[in-house]
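Please prepare a short briefing on the protein chain shown below.

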Amino acid sequence: MNDEKNIGETKEEEEVTVPPETDTKPEKEKKERTSEDYFKSGMLLLVGIVIALSTLQLYFSVDEIIYTWFEYQYRPIFRSLYYLFVIGIGIIILKRYLLTKEKK
């Protein structure tokens, strides 16, 4: 008869509490920029401008070389090939360096 009483009764289950998940990664501390950091940024900007100007000059120099070396009837063909090459390189640079940074 005692067994029948135990069957009808339900045992209270102990509540198990799970502690909240804590972020184990420490937040990145922002360090203050020093004059060395500003100098490096300025030099990077200056070198970038020089490279951009040099690239532009090279672009027009190759166009002049095409004008000088090839007969007038073949110039449009070689200019078109040159422009397609420049566009292809530009797309590769954009894809490799600029668009991959968005994924990180």
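Arg 79 is partly exposed, because its relative accessible area is 26% and this class lies between buried (under 20%) and exposed (over 50%), as found with a 1.4 Å probe on protein chains only. The model is predicted: local features need pLDDT of at least 70, side-chain atom pairs count only at pLDDT 80 or more, and totals for chains, interfaces and linings use all residues. Residues are numbered from 1 along each chain as its sequence is written, and side-chain values use heavy atoms, with hydrogens and water left out.

**Arg 79 and its partner**

- Arg 79 belongs to helix α3; helices (H or I, at least four residues) and strands (E, at least two) are DSSP runs, numbered from the N terminus.
- Arg 79 forms a salt bridge with Asp 63, and their closest N and O atoms are 3.0 Å apart; a salt bridge is a side-chain nitrogen of Lys or Arg within 4 Å of a carboxyl oxygen of Asp or Glu.
- This pair links distant parts of the chain, since Arg 79 is in helix α3 and Asp 63 in helix α2, 16 residues apart.
- Side chains of opposite charge can pair when their charged atoms come close.
- Leaving out residues up to four places away in sequence, Arg 79 touches Asp 63, Ile 66 and Tyr 67, where contact means heavy atoms within 4.5 Å.
- Between the C-alpha atoms of Arg 79 and Tyr 67 the distance in space is 8.7 Å, and the two are 12 residues apart in sequence.
- Asp 63 counts as buried, with a relative accessibility of 15%.
- Asp 63 touches Arg 79, Tyr 82 and Tyr 83, when residues up to four places away in sequence are not counted.

**The other salt bridge**

- The count of salt bridges comes to 2.
- Glu 36 forms a salt bridge with Lys 40, with the closest N and O atoms 3.6 Å apart.
- Both Glu 36 and Lys 40 lie in helix α2 (residues 35-69), and they are 4 residues apart, about one turn of the helix.
- Glu 36 is partly exposed, at a relative accessible area of 48%, whereas Lys 40 is exposed, at 51%.

**Arg 75, a charge without a salt bridge**

- Arg 75 is found in helix α3, which covers residues 75-98.
- Arg 75 is buried yet has no salt bridge, and the nearest side chain of opposite charge, Glu 71, is 6.3 Å away; for charge, Lys and Arg count as positive and Asp and Glu as negative, while His and the chain ends are not counted.
- The side chain of Arg 75 reaches the backbone oxygen of Phe 70 at 3.0 Å.
- Apart from its neighbours within four places in sequence, Arg 75 is in contact with Ile 66, Tyr 67 and Phe 70.

**A nonpolar patch on the surface**

- Phe 85, Val 86, Ile 89, Ile 92, Ile 93, Leu 94, Tyr 97, Leu 98 and Leu 99 form a nonpolar patch on the surface, with about 850 Å² of accessible area together.
- Patches are made of residues with over 30% relative accessible area and no salt bridge; like charges are joined within 9 Å, and nonpolar side chains (Val, Leu, Ile, Met, Phe, Trp, Tyr) within 5 Å.
- Accessible areas come from the Shrake-Rupley method with a 1.4 Å probe, and for residues only the protein chains shown count as cover.
- Leu 94, one of the patch residues, is found in helix α3 and is partly exposed at 44% relative accessibility.

**The chain as a whole**

- The protein chain has 4 helices and 0 strands, and from the N terminus on its elements run α-α-α-α.
- Of the 104 residues in the protein chain, 4% are buried.
- The protein chain exposes about 11100 Å², of which carbon and sulfur atoms supply 61%.

Conventions
Polar contact = N/O pair within 3.5 Å; in protein donor to acceptor, adjacent residues only side chain to side chain.
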